[in-house]
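Dear colleague,

Please find the structure below, handed over for your use. My notes on what was found in it follow directly after.

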Amino acid sequence: MSVKVRVPTPLMKLTNNQSEVTAEGTTISEILNNLESQFAGIKDRICDENGTPRRFINIYLNEEDIRFLDGESTAVKDGDEISIIPAIAGGA
Amino acid sequence: MSHVKGLICKECKREYAEEPIHVCEFCFGPLEVNYDYEALKKIVTRKSIESGPPSMWRYEALLPLDEPPKVGLHTGFTPLVRAKNLGKAIGLNHLYLKNDSVNHPTFSFKDRVVSVAISKAIEFGFDTISCASTGNLANSVAAQTAEAGLKSCIFIPDGLEAGKIIGTLIYGAQLISIRGSYDDVNRLCSEIGAKHNWAFVNINIRPYYGDGSKSYGYEIAEQLGWKTPDNVVVPVAGSSLITKIWKAFHEFKMLGLVDKVQTKVFAAQATGCSPVTTAIKNGSENIIPVKKPNTIAKSIAIGNPADGYYGIKTASISGGYGEDVSDEEIISAMELLAKTEGVFTETAGGVTVGVTKKLAQQGRIKPDEVTVICITGNGLKTQEALTNCFPAPTVIDPKIDSFEEVFANSLTV
């Protein structure tokens, strides 16, 4: 399964300045591990010491927050798009 | 002269230079402005503030600009209204309204954050200002960008009130309405921000922008006679304002401008979008995002609040709480405020008034404590919420008999 992953600016130093990369895997977890094998150190930045995404990171699968799906176990399929986005303030 | 040392990660405390960045590269925690408080202690006094202008710029030394402000020179220093009538109606004897519904230039507290954000964006050399907004921020960014003579491109969720849309377009702003919720708009903006070198006031300018809100807290304390209140009831959307009011009070204490801070901070949300108050009530630190916010309080309908974690912490550390109100309670609170104090606030103000009433009934706010309700926006902008609430006025011919007939039948003057 090959998916497109959009990487936030602070992580582009690890991806040779690419804002979009491809990764392989059947779940979000596997995708994160695959990213790590391509870009050493990237998983530590996205996940905390327990391997779960950090509090201030939101991960979207095809525009949907994975917290509304099955979290890191969410299944991905060929051609899906994943966005990794820092949380942002807004509103009152 | 600036007293900004740079930026610092609120989580891991890594330090960064003063740049248009907002997240820690390492842990993705939010960056905050790092001030030189030792230097500030020597120059900021009650007297130095009191001799400043009647605007938020009386606290300029405590705001993150390196040069004098470029826009919004008349923003802030809004009235702190002693609300005796409303207090009587809800059983609170020392009740105040911090009334930003009359803030300059666009009638909401957002004028405070935007005046700082745009002034800072100019210092950084940006020529285009942008934001994701539920309406009030859009109005203020449009107005103050016009004042600065810069370009703007503003993003809102579809379905906002006419006052928020016209109140943005009038200033010549480019406005784009996104099919989706505020959270969809915010996510799109962060991706646009990665491709376009614009000043997104609530994204890459966020650390500076957020500190504009501190002035709301400073004013409450100064206007209470250099005292912090026992309770403050704050509308919560992204959870930024609630944390900045708390920060403002503690900075004043650190600088010796107030003796103590024993303020309980209460978070107020609409039941139709209450991820923060729900977490507080459940005793949880974790936000469960609301996928489809459903409330007339659109200005605070943020389902995935970025600073939600800190909002929860502020309420709990301060000994406060979180409460929410239904759309019916919001409308009834807007009417109550208008009828008792002559203040017409928008739906978010209905939320804080309604929540204060509930907290008083629950005994969480005591009758003799000093309580401040945050009124952050103007009712003329959200008139749709009140459609069908009132009968149309009686129409009569310009004849004295017509009037006397109506007077005899229905008027109670």
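**Helix packing, strand pairing and the chain contact**

In chain B, helix 4 passes helix 5 in a right-handed crossing. Please bear in mind throughout that this is a predicted model.

The axes of helix 4 (residues 110-124) of chain B and helix 5 (residues 136-148) of chain B come within 9 Å, and they cross at roughly 45°. Helix 4 of chain B is therefore oblique to helix 5 of chain B. On the side of helix 4 of chain B, the residues that meet helix 5 of chain B are B:Lys110, B:Asp111, B:Val114, B:Ser115, B:Ile118 and B:Ile122. Their partners in helix 5 of chain B are B:Asn136, B:Leu137, B:Ser140, B:Val141, B:Gln144, B:Thr145 and B:Ala148. By class, the residues of this contact are six nonpolar, five polar and two charged.

Helix 9 of chain B contributes B:Lys214, B:Tyr216, B:Gly217, B:Tyr218 and B:Ala221 to the contact. From helix 10 of chain B come B:Leu241, B:Lys244, B:Ile245, B:Lys247, B:Ala248, B:Phe249 and B:Phe252. The residues of the contact between helix 9 and helix 10 of chain B comprise eight nonpolar, one polar and three charged.

Turning to the strands, strand 7 (residues 151-157) of chain B pairs with strand 8 (residues 174-178) of chain B in the parallel sense, over five bridges. Within this pairing, B:Ile156 stands opposite B:Ser177 of strand 8 of chain B.

Finally, the contact between the chains takes 36 residues from chain B and 22 residues from chain A. On the side of chain B that touches chain A, the elements giving two or more residues are helix 7 (182-195), helix 8 (206-211) and helix 10 of chain B. Of these, helix 7 of chain B gives the most, with six residues. The side of chain B that touches chain A has 19 nonpolar, 11 polar and six charged residues.

With kind regards

Conventions:
Residues are numbered from 1 along each chain as its sequence is written. Chains are lettered from A and ligands numbered from 1 in the order in which they are written. This is a predicted model: local features need pLDDT of at least 70, side-chain atom pairs count only at pLDDT 80 or more; totals for chains, interfaces and linings use all residues. Two residues are in contact if their C-beta atoms, placed from the backbone, lie within 7 Å. Helices (H or I, at least four residues) and strands (E, at least two) are DSSP runs, numbered from the N terminus. Ala, Val, Leu, Ile, Met, Phe, Trp, Tyr, Cys and Pro count as nonpolar, Asp, Glu, Lys and Arg as charged, and the others, Gly among them, as polar. Axes are lines fitted to C-alpha atoms, for helices over the stretch in contact, and angles run from 0 to 180 degrees between N-to-C directions. Angles under 35 degrees count as roughly parallel, over 145 as roughly antiparallel, 65 to 115 as roughly perpendicular and the rest as oblique. A crossing is left-handed if the near helix is turned anticlockwise from the far one by less than a right angle, and right-handed if clockwise. Two strands pair if DSSP finds at least two bridges between them.
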